[in-house]
Amino acid sequence: MKELRVALIGGAGFMGKAHSLAYAHAGFLDGLDARLVREVLVDVDADAAAKAAAQLGWNRSSDNWRDVIADPAIDIVDIVTPPQMHAEIASAAMAAGKHVFCEKPITNDGQEAAELAIAAAASGVVNQVGFNYRFTPMLTHAKSMLTAGDLGRPLQLRASYLADGGFWVPDFGWRKKRSTGGSGATGDLGSHVIDMALFLCGRIKRVVALDRSYAKASEGNWGPDEVPDADVPDGGAMWIAEFANGAMGSFSASFYAAGRANAIRMEVDGSKGALQFDWNKNNEIQLAFVDDPMDKAGFRHVIAGEPSLWYPIPGLGYGYVDGSAAQLASFVRAIVAGTPTAPDFSDAAHVQEIVEAVARSAQTGGWIDIASGSEAKA
Ligand code: SOE
């Protein structure tokens with residue numbers, strides 16, 4: 001069985017724990033054909049790195065990512081730092097021949113993201129970005145139905161990622177300012193539903209948008225006549241998109257949606273049927289078919305018909321840790337098989353171009369074309 005030694009860069013925070021849980025459990029996934037070794041956890045703060053490594057089961061810790069990437073014993077570099085560090089670390093890791101897993105957004109700069117996609121395509125290493133929600137079993141089930149034509153031609157997609165954290169989280173940390181890596185509701189939450197929409201309906205060729213910043217970088221909300229400074233990312237955005245396949249999409253992302261806790265919803269209307277997916281009820285998907293007789297029409301609740309991620313029994317439940325493990329499994333299977341995986345850097349660069357087009361359209365008021373929406377993958 002192939003042994004893969006992993007370096008986790010920036011691992012002393014929330015995503016470091018989520019990824020460590022995935023590595024700790026990935027070996028329980030059937031058919032992985034690899035033994036993952038949590039070799040070294042890296043963080044800029046040596047003490048925090050040592051403490052996290054001990055708590056999360058890593059063999060050792062370091063405060064120097066360059067030394068770790070230069071280590072020939074390391075096979076995988078997993079980047080969970082704030083986004084503005086992703087490009088430098090990923091470039092160095094690919095140049096050193098490491099397989100690279102990078103948290104989303106791939107970067108907060110579309111040009112950097114496009115350059116990373118080109119470098120990744122030329123590198124020959126497996127590369128993937130942490131859009132974990134597309135791996136939810138009922139969403140992959142939705143994808144298989146769309147691919148099989150069960151719902152016909154996609155007509156409309158409606159997506160939302162709503163949270164209430166803007167009202168109560170005491171400190172958003174690096175996420176609260178663009179200068180420290182924050183990308184706001186559009187980049188932090190919206191990038192997920194953009195990836196899920198691309199997964200279901202293919203590439204997007206243009207968008208038009210509105211966005212708002214609701215809170216000061218430090219405390220409270222802005223007064224009615226106060227104008228947020230440019231460093232405060234948006235607290236909410238709404239946009240319309242046109243897919244390359246002609247389908248229409250509407251999107252909403254917000255950190256100021258009372259009563260919403262990590263509330264992700266996807267709806268797709270097709271020429272033969274429709275689906276509804278709700279992350280908060282992710283063990284089921286709702287389906288409706290045009291051919292249903294009138295007295296049996298409407299949405300039916302399909303409970304997870306596939307075996308769960310870990311066991312041969314459907315309906316046992318699926319959560320955030322499962323998503324971290326499922327996305328990691330896709331990455332590791334690609335390494336073992338020597339095949340590409342998704343969403344890769346090229347997919348993530350397309351997401352980032354859309355995120356930036358949303359922000360630009362919100363400033364100009366006009367439609368923004370997405371160059372990578374009509375290109376083949378890099
Ligand atoms: C919100 O900030 C957040 O932590 C996102 O950054 C994650 O990508 C999402 O999975 C959970 O919410």
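Okay, let's start in a loop: P343 sits between α9 and α10, where helices (H or I, at least four residues) and strands (E, at least two) are DSSP runs, numbered from the N terminus. The bond joining A342 to P343 is a cis peptide, with omega about 0 degrees.

Before going on, the ground rules. What you're looking at is a predicted model, where local features need pLDDT of at least 70 and side-chain atom pairs count only at pLDDT 80 or more, while totals for chains, interfaces and linings use all residues. Residues are numbered from 1 along each chain as its sequence is written, and side-chain values use heavy atoms, with hydrogens and water left out.

Back to the backbone. There's another cis peptide bond, from K104 to P105, with omega near -15 degrees. P105 belongs to the loop between β5 (99-102) and α5. And D33, although not a glycine, has a positive phi of about 50 degrees; look for D33 in the loop between α1 and β2 (34-42).

For angles, axes are lines fitted to C-alpha atoms, for helices over the stretch in contact, and the values run from 0 to 180 degrees between N-to-C directions.

Inside that sheet, β1 (residues 2-9) pairs with β4 (residues 76-79) in the parallel sense over four bridges. Which residue of β4 is the bridge partner of V6? I76 is.

β13 (residues 284-289) and β14 pair in the antiparallel sense over four bridges, and V302 in β14 is the bridge partner of I285.

On to a helix pair. In general, two packed helices are described by the angle between their axes and the distance between the axes. For α4 (residues 86-95) and α5 (residues 110-123), the axes come within 10 Å and cross at roughly 10 degrees. That makes α4 roughly parallel to α5, the label for angles under 35 degrees, with over 145 roughly antiparallel, 65 to 115 roughly perpendicular and the rest oblique. From α4, the residues involved are A87, A90, S91 and M94, and they meet E112, L116, A119, A120 and S123 in α5. By class, that contact has six nonpolar, two polar and one charged residues. The classes: Ala, Val, Leu, Ile, Met, Phe, Trp, Tyr, Cys and Pro are nonpolar, Asp, Glu, Lys and Arg are charged, and the others, Gly among them, are polar.

We work on a 1 Å grid over the protein atoms alone: a cavity is a set of points where a 1.4 Å probe fits but cannot get out, a pocket is an open set with protein on both sides within 12 Å along at least five of seven lines, and lining residues have an atom within 4 Å of a point. Grid points are joined across faces, edges and corners, and a volume is the space filled by probe spheres set on the points.

The largest pocket holds about 1000 Å³. Its lining has 46 residues, with F14, M15, W174, R175 and D188 nearest the centre. That lining splits into 22 nonpolar, 14 polar and 10 charged.

The second largest pocket comes in at about 590 Å³. Of its 24 lining residues, R178, D211, S213, V232 and D234 are closest to the centre. Which helix gives the most to that lining? Our opening neighbour α10, with seven residues.

Methods: Contact = heavy atoms within 4.5 Å. Pairing = 2+ DSSP bridges.
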